[in-house]
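Dear colleague,

I am handing over the structure we spoke about, and it is placed just below. Please look through it first, and then read on for what was found in it.

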Amino acid sequence: MIRGPISLLVVGAVMFGGVALVWLKPQAFERYLPERVMALLDGGLGQALNSTRRTGDNPGALLDDGADGLVALGPVAALAGNRPVFIPEVITGYGTGVGSDIPAEITTIRPISGCRLTPPLAGTAVGHVTAGETGLRLSFLTYNDSDLAAAVQGFVDRYRESGPTAPGDGSELAYEAYDVAVTETGAPVYLVLENARGNRIWNIHLAPGARVERVILLGGAHAGVANLDPVVPVEVLPGEALAACGIVPAYPPNPGNRVFAALKTGSASDKAAAEARLAAIQDRVGAYNTWFRDSFGVPADETRAGFAGGTVSIVGPQPGAAGPKAVYAGIQGARIRLTQDSYFEIRGQVAAGEDFAGRVKAIATSFAFGDLKSLRQEVGF
Amino acid sequence: MLRILIGSGLLLMTVGFGAAGWQYWQTLPKAAPAQDAAAPAGAAPVVATRQSWLISPTGGLVPQGEVNAYLAQDRFVPERVLRVEREATLTDLLAEGEQLPEPAFLQVLADIRAPKVADGLCQVLLDSLAQDCAVSAGRVVAGSVDPVAGTARFTLDLVYRLKEPGEELPDLATHVLRSDLVMLEVAPGADGSASPDAALQALIETVAAACAGESVGQACRPMRMDIDWVPGQPVRAQAGIAWLDPLPKGMFTAPPLDPAKGG
């Protein structure tokens, strides 16, 4: 007798779920769905839903030669020299559903003092990885008083503009993951991992038999490394310290870069400006190559593995059909060593009101003498 | 089954009509509670506005904002504003027993508490020419916080309603609105330089003197006033004043067919 309405409810719920999946994208559900389902959605449905992604047999076809650099539009990883390769061909069990993963152990490390890094030992292979933005935000973040003050100001501005509102959750301060698959098994690997900006966790995935001698973390704000043997030394030189040492990472622009576009199709003044800019870039590339070779024994531009937009880089050769692929190691339950700011929090693991949003609201309330409504400064005209 | 169907139907209707009703209610024009709040209950308008337009001495329509600033004394209007840019010490922002926060928070503290440094200004207006006054905006000037000196610059906007003039406005249709700018500069150490309140008092006196001038006609009123005050530096202030003069000979008025600029 009530089979009809129940069927209607089931059909409605399925349709609602489908619409929500299409509208919000699968990443919105990673907190609620099992990892296996998320991997399925990421690998299949997720890509199908993302209209900008392309598919094909040639990984190069999934690489966009854009005005701001090379961007992976599909499951493509970067080999040394920025040669593209399909991710499943180099790493097994790969997934991007890391947003709610909770590490098992966090150890705080500090940046080195000075500018000199420990050079690689003779006979080691140097792997050089660069990372742009990946969108793989993790569940933990770090911040300082300046971040809080900026968030309070943003909250106050929004409150004045549109009335009661929720403070930001500081998601832009979350560490972002980048995956490094090590397939080099012939020699210990000295990893130079270079971040463009923000807080970065480098997640290391080793092929059977691969060994890491030392890890150098360059650039960005705060950095850390996950799934690395605790005995492997890690040295950190953040972006500010690099700048203080006079080191400016620079690479030759990709063919589709806006500077070449200006040289091809720009007006005479645009071309002159582009030529000047290109010359400046080449100077910087030369200077960075010199420093890199002096520090690590290899040039930066030729060894670089990492697109401006991408999530995985490979250190070592592309595994053959029988070669050992790297094995994916998740952030869930991982050991992480990282640098951190005055405050560090793991979402869902802090007491109510002591998370980023809670602190922002508490500060704003305190500054407003306990009455947020006074922020409005309303006068009726 | 039938009951379930009817029940479901009623539920859907409730939700549907409820949503439609809510949308309708949301789109209704809002009443003006802010105006009610701005004007004290029972307070009679200073002057009954007989017409909502004024003409300039050249025969053109006076922009509506200026007309409102001059005529609409029953409510605050944005164009009748006292804008003060002043320096203040950050400790002035604190409550008793409170201490300044870490330097990173000084800018946002100053921004949130900026209205506090306007405390005395409204009182000066109320004691002289206003029957009502409110801080409509108070902000710290971006990048002006000096953690070493413990100071910051603030911009404050205060809106006010003039006291009842005691005399009726003349027939607006037979008058034109004239305006002028009154300037004031006070040297450091002179009367009116000690504080923003003193500078405002000096400006109000200057306005009163200007309004009493021979060339000024009837119902002279202050409009927008600006004060720039930094300790130890000359005070710079100015005020717009407006008054009514009889229509020049040969000029006749007719109600406007088009709205005034800004109206």
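In which helix of chain A is A:Val259 found? The residue belongs to helix 5 of chain A, and I begin there, with the reminder that this is a predicted model.

**Helices 5 and 6 of chain A**

Helix 5 of chain A covers residues 258–265 and helix 6 of chain A covers residues 268–296; their axes come within 8 Å and cross at roughly 145°. The crossing of helix 5 of chain A and helix 6 of chain A is left-handed. On the side of helix 5 of chain A, the contact is made by A:Val259, A:Ala262 and A:Leu263, while helix 6 of chain A brings A:Asp270, A:Lys271, A:Ala274, A:Glu275, A:Arg277 and A:Leu278. Sorted by kind, the residues of this contact comprise five nonpolar and four charged ones, with no polar residue among them.

Coming back to A:Val259, and not counting residues up to four places away in sequence, one finds that A:Val259 touches A:Pro253, A:Ala274, A:Arg277 and A:Leu278. A:Val259 counts as partly exposed because it has 16 other C-beta atoms within 10 Å, a number between the 12 or fewer of an exposed residue and the 20 or more of a buried one.

Chain A has eight helices and 19 strands, and of its 381 residues 37% are buried. Among the contacts in chain A with a separation of 6 or more, 72% are between residues 24 or more positions apart.

Five strands of chain A form an open sheet with parallel pairing, in the order 14-12-10-7-15. Its edges are strand 14 (234–237) and strand 15 (304–305) of chain A, each of which pairs on one side only.

A:Leu191 is one of the residues with the most contacts inside the largest nonpolar core, which has 144 residues; the others named with it are A:Val182, B:Leu158 and B:Leu203. Leaving aside neighbours within four places in sequence, A:Leu191 is in contact with A:Gly127, A:Val129, A:Val180, A:Val212, A:Val215, A:Ile216 and A:Val315.

**Two asparagines with positive phi**

Most residues other than glycine have a negative phi. A:Asn82, however, has a phi near 60°, and this residue sits in the loop between strand 3 (76–79) and strand 4 (83–86) of chain A. A:Asn227 likewise has a positive phi of about 60°, and its place is the loop between strand 13 (223–226) and strand 14 of chain A. Are these asparagines, A:Asn82 and A:Asn227, buried or exposed? A:Asn82 is buried because 22 C-beta neighbours lie inside 10 Å, and A:Asn227 is buried because 21 other C-beta atoms lie within 10 Å.

**The sheet of chain B**

In chain B, six strands form an open sheet in the order 2-3-1-5-6-4, and here the pairing is mixed. The edge strands are strand 2 and strand 4 (175–186) of chain B, each pairing on one side only. On average, and with direction ignored, neighbouring strands of this sheet are turned by 20° against each other.

Strand 2 of chain B pairs with strand 3 (residues 151–162) of chain B in the antiparallel sense over nine bridges, and B:Cys133 stands opposite B:Tyr160 in strand 3 of chain B. Helix 5 (residues 119–128) of chain B lies across strand 1 (81–89), strand 2 and strand 3 of chain B, running at about 160° to strand 2 of chain B. Helix 6 (residues 196–211) of chain B lies across strand 1, strand 4, strand 5 (218–229) and strand 6 (235–246) of chain B, at about 150° to strand 5 of chain B.

**Where the chains meet**

The contact between the chains takes 27 residues from chain B and 19 residues from chain A. Helix 1 (2–27), helix 2 (33–38), helix 4 (106–112) and strand 2 (130–140) of chain B each supply at least two residues of the side of chain B that touches chain A. The residues on that side of chain B are 19 nonpolar, five polar and three charged.

With kind regards

How values were computed
Residues are numbered from 1 along each chain as its sequence is written. Chains are lettered from A and ligands numbered from 1 in the order in which they are written. This is a predicted model: local features need pLDDT of at least 70, side-chain atom pairs count only at pLDDT 80 or more; totals for chains, interfaces and linings use all residues. A nonpolar core is a set of buried Ala, Val, Leu, Ile, Met, Phe, Trp, Tyr and Cys residues joined through C-beta atoms within 7 Å. Two residues are in contact if their C-beta atoms, placed from the backbone, lie within 7 Å. Helices (H or I, at least four residues) and strands (E, at least two) are DSSP runs, numbered from the N terminus. Ala, Val, Leu, Ile, Met, Phe, Trp, Tyr, Cys and Pro count as nonpolar, Asp, Glu, Lys and Arg as charged, and the others, Gly among them, as polar. Two strands pair if DSSP finds at least two bridges between them. Axes are lines fitted to C-alpha atoms, for helices over the stretch in contact, and angles run from 0 to 180 degrees between N-to-C directions. A crossing is left-handed if the near helix is turned anticlockwise from the far one by less than a right angle, and right-handed if clockwise.
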